[in-house]
Each structure stands twice: as structure tokens, then as C-alpha cells.
Amino acid sequence: MKKTIIATALLLSLGVVGCQGGSSERQTNIEQSSWTQASLNQFANELKVTYRVVTNIPEQACSADQKDQRCFIAEIDFSTPANYPNGNWSIFYSQMRPVQAVLNPEFDISRVQGDLHQITPTKAFTGFKAGEIKTLGFRGELWQLSETDPMPNYYITVDGLTPVVISSTKLTIDPETGMEQRPYVESFTDADKQYRRTEKDALVWAKADVVYQTNENVTLDSSYVTDRIIPTPADIVVTSTNKPVDLSLGINVIYNEVNPKAVKASLARLSRLGVYELAGGIPLKLETSSTIGQEGYKLKITESELTIQAADEAGFSYGIASITGLLSADDLSINTLTVTDAPRYQFRGMHVDVARNFHSKQMILDLIDQMAAYKLNKLHLHMADDEGWRLEIDGLPELTNVGSKRCHDLTETQCLIPQLGSGPFADSDVNGFYSKADYIEILNYATARQVEVIPSMDMPGHSRAAIKSMDARYRHYMEAGNSEAAKEYLLSDSADKTVYSSVQYYNDNTLNVCMESTFHFVDKVISEIAKLHQAADHPLNRYHIGADETAGAWKQSPQCLDFVANNDKGVTSVDDLGAYFIERLSNSLADKGIQPAGWSDGMSHTNPTNMPQNAQSNIWDVISHQGYKRAHKQANLGWDTVLSNPEVLYFDFPYEADPKEHGYYWAGRAQNSQKIFSFMPDNLPANAEQWTDIEGQAFTADDTVQQDEQGNDISGPLQQGKGFTGIQGQLWSETVRSDDVAEYMIYPRLLMLAEKAWHKGSWEVPYRYEGAIYSQDSGYFTAEMRLKQQQQWNELANTLGQKELHKLDLANIAYRLPTVGAKVINGKLHANIAFPGLRIEYRVNNKQWLPYTEPVIVNGKVEVRSISPDGKRKGRSLLL
């Protein structure tokens, strides 16, 4: 979804062809006129592929007739240990941005669909010669700014043979960091040519010295970690300093009217730290109070007992979570204190895309548990998109039989075509789906942790998996002579000749909204999902329809042209069909008691008077691109407006401005935990005082009333009494192929998402309902506010380093360790880290890693890295 869009980078990969005989029989020169499976296998195993970015500078990359366009040039080297003259092959690979020109006459590159490309030899191809490097250069659209962009698993096909993945393009796993490695990609060496997005790009590559300078803003301090809870409570009064309450002796829970099932999960997290329910333990009393608001609680800890007062199950669970938050993994003693607490926002969400690349049920269960631990309460589960359908739907087996897997079947009869470097085989880990039983288990697990699951099957755009699945269903029933069944859930008009391209370069990914069979399909899907929620006793309160990025479809569909000419729905133009679909589906959901939700761009196309008043919109507009205007407009409509702004809340974006960091970067290239903490969600334009845009440039946010030429207000401030319902973090999965990578991208950022969703910092700039213009010079974010912000961040950073990451270790979460900042000053290594308290190691000239505790004399090539609290994992090393 919006995710890859606007300026995501190239996703490249590729490979080549086969050879004759086993390795023991291989000769220096091999003559062959045809491939065998054995020779193709051998060649794919021996071929070495190397990929490099040459330049992102438009003046160097673009042709003379591409003035004011953005281009990049990349090269792929092929080398072989023997001669391979045969050109009867194709290489398939994933590359997000289109190829504009091939710079080697021996090859041709064509795009199949989406990001799937095909390399074929031309008549000029002279074959591969032993020891020779043959370079395929090409010009691509826009830019490629990350070493992680080139997708893996290039594969070779020859007619009549099984495709073979080129071994040199497979991912490897770093045994210390657990992250994917791309041995086929050359490291960036030239920041000006390779890491600049445009000629005005001022973003600084976060090398060790840059990270060191940033980390100087935090200092090691353990004095306040003991009584620190993440997320920060509304009020906490500490009444001792010697930690007189020892929970290692256990707790005796007195439930009173509270159902033990409601707090079982929160007590389990306590027991993971070593605090067990014991009859002789210190009493923990759970007392129901009608004076405490929804999800709020009051926690009182004395030397003789602990008491939690709350009005609902969530409040009791969150009170226990705060006890867990007070503890260190290696110290179960705490101070006496009183916490009075309630959430900042009602909606505190996390979104996970399992459609692009599948993620296991266990990963989702672990995420729900961590969400509950940090008081997040909404899981937006994105289960269908162009690249995959991930939920079993009773009565529509094709959705999972075909739509849940990608393989090399260009007819898409058995599976979808490969995308995102998935390779040619259906048994890849990126394929899969949740059975009905799996989904019910997820719902039950979420209910026990007071987390609402919000299902999402994106539509009418981003629907290719559904369309191709129903096409396969249509063919099956037509072959069986049952045309009625064939057409029952059909989503496409075979006579539609409309030429369009989605942001991910599909020309066949949009439901035909003029066909009643489309609405029959949608109603069937939602009804079946509702049954699963009912079976799990987890009400389907919200359904997210997506509604985003609908390409210019339908314009030449005979069914749509007929519908526009003859309907009684008020649709007078094909341009109104997207809004018609969203409005119709939203009202259908509302009639069933389900709140409709969608992404802000699609929701903005609707006529608000045609929409249910109780609707939700996720704002994914970029603040530096005036995204606050749509947020204010939709909040002023009275909709539940959930902030999902990419440059701070997209967790598939890189942590730091470094081409080795994983993730897409179309709206941001440095989104670490501190940036999320710095977010001022109640005053979106005020963030212009502290942030820069994607290119490191200051920007201005004008939040005053804007009018069109006729004097009508087209944008302006929030109205008095209006605001945002909450915030949501997003993990899109185009580049996230495994559970470990997913957790690396989510954590520890999720903890700061929870901080912003639960607690409002005293330093945040108050919103000005009369409107204001914000910039780095406007002065609303005062020096006093900035100091308070930095002081609170220092407390949280120390708490992360000294308490919370260890808890993630105990939960077996594969979180990201921060890179270490370092520089050599007068011959001595100085190092620091974003989360003080974490261990740092260094080594010189590739020798043994040594602990760093204070500046030390070094001489030679120096590397630094961080170590997890349990010592089992290492952070990515930086070379000085």
C-alpha cells in the first residue's frame, strides 16, 4: 500500500543460465545446444551475480531528454567458471521501479507485472565466457538509496524444465544480529553519488561519528530508572527510596469480583520475570471502582500489600502491567508508591501487513502479548493485498488455494506470480495463510489481553490476489459448465480495456465496482469473517476496507459505462465510482453494526453526507507535505481520525540514515525511537519546529485558513472540541520476509509508540485553534519545552537500556539493538550508545572483540557494536 508508493526504491534481483554435466566433468569450454535439468541446476549454482548502484544523481543517470526527471543507474555483473554459449533462457527477478533503458545490447529487460521482470538475451548475446565479467547496466526510474533494496531469489527458466533459483542471490543470515544479508549487493562507498536522493538532499549518512554526536544528548543515569514505567503514567508519587517491597517472595492475588481470566495474561508476564502467584506472597488486591474511567487504574504499593482499583478488565490488566514495568529482570524489589493513570487516546494501535509477505501465527501472538504489556489495544491485521490473501474464507477456497501463494505460474492458475523476491516455488516461507482455527485462536488470544483485532482486506484497489483467485474460480466452474457459479463472485470485467497502472505497477489490481458480483463477494467475505469473530466471542466492531490508492480503473469497462449511464445511485461519471464503492460498502457495514474504516486518501474521495457518521480514517499523509490539512479536515467531520503518519509511524522505514539499514524510505529515512518519542500528535504542524523532511530540509507548516479562488475554505485548523482518536504504528511487509525481520523493525519502536499513545508530554506545544504558521524559526516550541523533552527522553532512553530490552530478551523478541556511536580523539576511541546501560564492544584490525567501558588507545581499523542485555545477540557493527 502506501507503503511502497510515492518514492520507494528499487527492489532488484536477477540471475542466469545452465551448464552441462557434473562439476567433476566440467571442461573449460562447454558446447551445448540445449539444457537439461542437471545442467540448469549446475549453472544456477555456479553463476555469481553482483549488484551495485552506480549513481542516483539525475545529471549523471538521466538521458538528455529527461529534464527535471529522477533516474538512477545500476549494474549487475555476471561471472561463470566455464563457457556457457547457450542463450535459450530467461531470468526472472523483482524490481520495484521500472527500467527505462538497458545499457548493454546483449540483454533485454521487460516487466511482466508489478515488480516481476524478465531478462532475456538478445541476438547480440555472445554467451558467458569462463572468468569473464559480463555487466548488465540499466537506467531506472527515480532512485535507489539502500543496499537492502535489491530483492533476492533471481531464478532461471528454460521451457520444459523446473525453474532454478540462482544460489548467489539467496539471502544469508548474520549469526550475530539475526538479520538478512545480501552477499550479491556491493556496499555503498560514495555518499554524494549513491546516497543522495536529489541534488538538494542534505540528509547526513549516519556513520559512527554522526551517531556519536547524536548520542551525546543522552547520558548514563540510573537514579530514576527504578521508578520509571513505560508508558509514562499520568501521575506517580513515590514514597520510599530503599525499595522495601520484595516481589521475589511472590504475590497472593485477591480477585474479589474480577474474573481471573481477565488478568491471567498480565500475571503471566509478571511470572516471566520471576514473580509468581504464591499463597504466602504479598497480597495483591483487585478492587472494582465505578469512579475510575475506562481503561484507567489506580495502583497503590505499600510494604504490606499492593492494591489495584479499576472499572474494567483492561484497567486491572494495565495496573498489573505497571507493576511489571517497575521491575528490572534482575531485581524484583520496588518502592512504595501510588500511580493514578488513564490513557491519552482511546485508540492505541499497531498495524501489521501479512499480505505482502506472510508472518506466522506465533509472531502475531507474540506481538499481541507485547502490545498488551505496553497498553496498546488495537491490532490492525492487514490480510489481503495485491501479493497475497491470508485468511481462509468458508466457501471460497480459491482465495487460499491460489491467492495465498506465489510461484512461477504465469497463467496464475495454481498460484499468483512471484513478487517481492519470493522466488519460483510455492513452499517459500513468504507464502501461507491463517486457517479459520488459526484466526479464532488469534482472536481468543487478543481478547484475553484486551486487544481488539481489526481485520483488513484492502479494496477496491490493492485487490489483485482476490481478483486472480476469483478468476481461477470462474475458469473452474466454466469448464464444469456451471456459468451461474462461475459468475457468482467474479471481480473483473473481461471486456474492460482500461489501461492504468497502480503505484506498484499493476494494471489488473482493482475490483470492478460496477458488477453486483463484486459486492456479493465483499459481503460474503465480511460475513464469514464476522462468523469467526462470533465463534471467538470477539465482536467485529471495525472492519478496515483500505480504500486507498485506487488507480484510474473502469474508464473503458462496458459494465461501468453502462452503470454510469443507467444507475439510480447518483453516479454520473466514472470518476465517481471509487467514492460510490466506499460509500456503499461503508453504509453496508454500518447497517450491520460494524464501523467502517479506511485510509485517508480514499476516505477523502467520498461525499461526507453519504457516509455513516461513525467512520474511521487512518491519516497516512506526510506532515512535511501538508498532511496535517487532511487530518484536520477529516477530524472536523467528526470521524474517528487515527494518526498513522509515515515519517514517524511507519516501522518498515529505516531506523537510521544509513544505506545498510533495512526498509523502505519514501517518506522518511531515519525513524528511530527518539523521533517517535519526539512526535507531537495533538499539534501536527508544530512538528515543523523540530523535524526536517526526507531530504534533511527544514519545512514550513501553514495551519491557517486556506481558500480557493472563489473564497471557499479548503483547509484550516482543527475546530474547537475536535481532535484525534488515537495513533497507530504501521509495519508494511514488502521488504519484511521473516518473523525475525518483522520484530527487528517493530521493536523497540513499539515501546515509544505506546508512550505517545498513552501519555502526553508536558513539553508538547499546545494546539492553536486560531491557526498558526510553524517553522524552525517560529518559536512556539520554546527552549524550556525542548529542555523538558530532552530530559524525559534521557529518562526513557536509560529505562530502555537498563530495564526494558532485557524484558524483550526474556520474551524471545528479536528486537533491534542500536548502532554504537564512536570516534577517535587524540588516538583514543570514544564510544556511546542511544540507550545508556547497554554494553558496548570494540575490536581493532578484525581481532578479538573487547568490552568498552572508557576511552581507550586504538591504532588501526576500529569497529564498534552493542550487546543485548542477555548477551546472546549483537547489534550491527559500525566501522570508524
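Mentor: This is a predicted model, where local features need pLDDT of at least 70, side-chain atom pairs count only at pLDDT 80 or more, and totals for chains, interfaces and linings use all residues. Residues are numbered from 1 along each chain as its sequence is written, and side-chain values use heavy atoms, with hydrogens and water left out.

Trainee: Which helix is included in what covers the buried residues of H13?
Mentor: Helices are DSSP runs of H or I with at least four residues, strands are E runs of at least two, and both are numbered from the N terminus. In H13 (residues 558–566), Cys560, Phe563 and Val564 are buried, meaning under 20% relative accessible area with a 1.4 Å probe and protein chains only, while exposed is over 50% and partly exposed lies in between. What covers them, by contact (heavy atoms within 4.5 Å), includes helix H14 (577–591).

Trainee: Which residues are exposed on the other side of H13?
Mentor: An α-helix has 3.6 residues a turn, so residues three or four places apart point the same way. In H13, Cys560, Phe563 and Val564 are buried. They share one side of H13 because they cover an arc of only 95° around the axis, taken from the directions from the helix axis to the C-beta atoms. Exposed on the other side are Ala565 and Asn566.

Trainee: Which helix gives the largest share of the lining of the largest pocket?
Mentor: H4 (208–215), H18 (673–678) and H21 each supply at least two lining residues. The largest share, five residues, comes from H4.
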